[in-house]
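Please read them alongside the sequence and the coordinates.

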Amino acid sequence: MYSGIEYVPLRKIALQMRIFVYKTLAEYVNKHPDAKSALEEWFDKTKDANWINFADVKNTFHSADNVGNKRYVFNIKGNNYRLVAIVLFVPKFVYIRFIGTHDEYSKIKDCSIL
């Protein structure tokens with residue numbers, strides 16, 4: 001239709017997720033050093049991701065769950081820890097809302113309000 005303009009599907013555009021706030025991860029690792037490598041792996045995979053929907057999240061993290069209100073739960077280190085994040089696909093933002101042990105996570109009544 002337009003000469004000289006090439007159509008590039010949205011999925012082909014190299015946009016990475018931006019994670020807010022790395023400081024939350026760093027502080028948690030200081031208190032729980034055994035979670036360091038697993039949280040670093042989560043951070044690296046998430047930062048390099050180009051998610052446009054929940055299916056993309058599941059392709060990256062098979063055990064991720066959508067708990068409503070744009071909140072997603074990630075199992076960290078074989079489900080020893082849980083990370084809850086708000087994922088906004090259009091601006092490519094990930095906001096960490098909670099990191100804790102599985103027991104601490106179990107005490108949360110409603111993750112969709114974190």
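1. β3 and β4 form a hairpin with four residues between them. In the turn, Lys 77 has a positive phi of about 55 degrees. Asn 79 also belongs to the loop between β3 and β4, and has a positive phi of about 75 degrees although it is not a glycine. With a relative accessible area of 28%, Asn 79 is partly exposed; the classes used here are buried for under 20% relative accessible area, exposed for over 50%, and partly exposed in between, with a 1.4 Å probe and protein chains only. Helices (H or I, at least four residues) and strands (E, at least two) are DSSP runs, numbered from the N terminus.

2. On the source: this is a predicted model, in which local features need pLDDT of at least 70 and side-chain atom pairs count only at pLDDT 80 or more, while totals for chains, interfaces and linings use all residues. Residues are numbered from 1 along each chain as its sequence is written, and side-chain values use heavy atoms, with hydrogens and water left out.

3. Strand β3 covers residues 71-76, and five of its six residues are buried. Two strands count as paired if DSSP finds at least two bridges between them. β3 runs antiparallel to strand β4 (residues 81-88), and six bridges join them. With strand β2 (residues 65-68), β3 pairs in the antiparallel sense over three bridges. Tyr 72 can be followed across both pairings: Asn 66 stands opposite Tyr 72, and in β4 the bridge partner of Tyr 72 is Ala 85. The hairpin of β2 and β3 has two residues between the strands, and Asn 69 there takes a positive phi near 55 degrees.

4. What is the order of the strands in the sheet? Five strands form an open sheet with mixed pairing, in the order β1-β5-β4-β3-β2. β1 and β2 stand at the edges with a single partner strand each, so one side of each is left without a neighbour in the sheet. Direction ignored, neighbouring strands of this sheet are turned by 35 degrees against each other on average. α1 packs on the sheet and touches β1, β4 and β5, where contact means heavy atoms within 4.5 Å. The direction of α1 makes about 15 degrees with that of β5. For these angles, axes are lines fitted to C-alpha atoms, for helices over the stretch in contact, and angles run from 0 to 180 degrees between N-to-C directions.

5. β1 and β5 run parallel and are joined by three bridges. In this pairing Arg 18 stands opposite Phe 93 in β5. β4 and β5 pair in the antiparallel sense over eight bridges, and the bridge partner of Arg 82 in β5 is Gly 100. β4 and β5 also form a hairpin, with four residues between them.

6. Is Lys 92 buried or exposed? Lys 92 is buried, with a relative accessible area of 6%. Lys 92 lies in the loop between β4 and β5 (93-101). Although not a glycine, Lys 92 has a positive phi of about 65 degrees.

7. A cis peptide bond joins Phe 20 and Val 21, with omega about -5 degrees. Val 21 is in the loop between β1 (18-20) and α1 (22-31).

8. Helix α2 (residues 36-48) has 13 residues and reaches 18 Å from its first C-alpha to its last, close to the 18 Å expected at 1.5 Å a residue; the expected span is 1.5 Å times one less than the number of residues. Ala 38, Leu 39, Trp 42, Phe 43 and Thr 46 are buried in α2. They cover an arc of only 135 degrees around the axis, which puts them on the same side of α2. The arc is that of the directions from the helix axis to the C-beta atoms. The buried residues of α2 pack against β1, α1, β3, β4 and β5.

9. A search of the whole structure finds twelve aromatic pairs. The rings of Phe 93 and Tyr 95 form an edge-to-face pair, because their centres are 5.9 Å apart and their planes are at 90 degrees. Rings of Phe, Tyr and Trp (its six-membered ring) pair if their centres lie within 6.5 Å; planes under 30 degrees apart count as stacked, over 60 as edge-to-face and the rest as tilted. Tyr 95 counts as partly exposed at 28% relative accessibility. Trp 42, Trp 51, Phe 61 and Phe 74 form one aromatic cluster.
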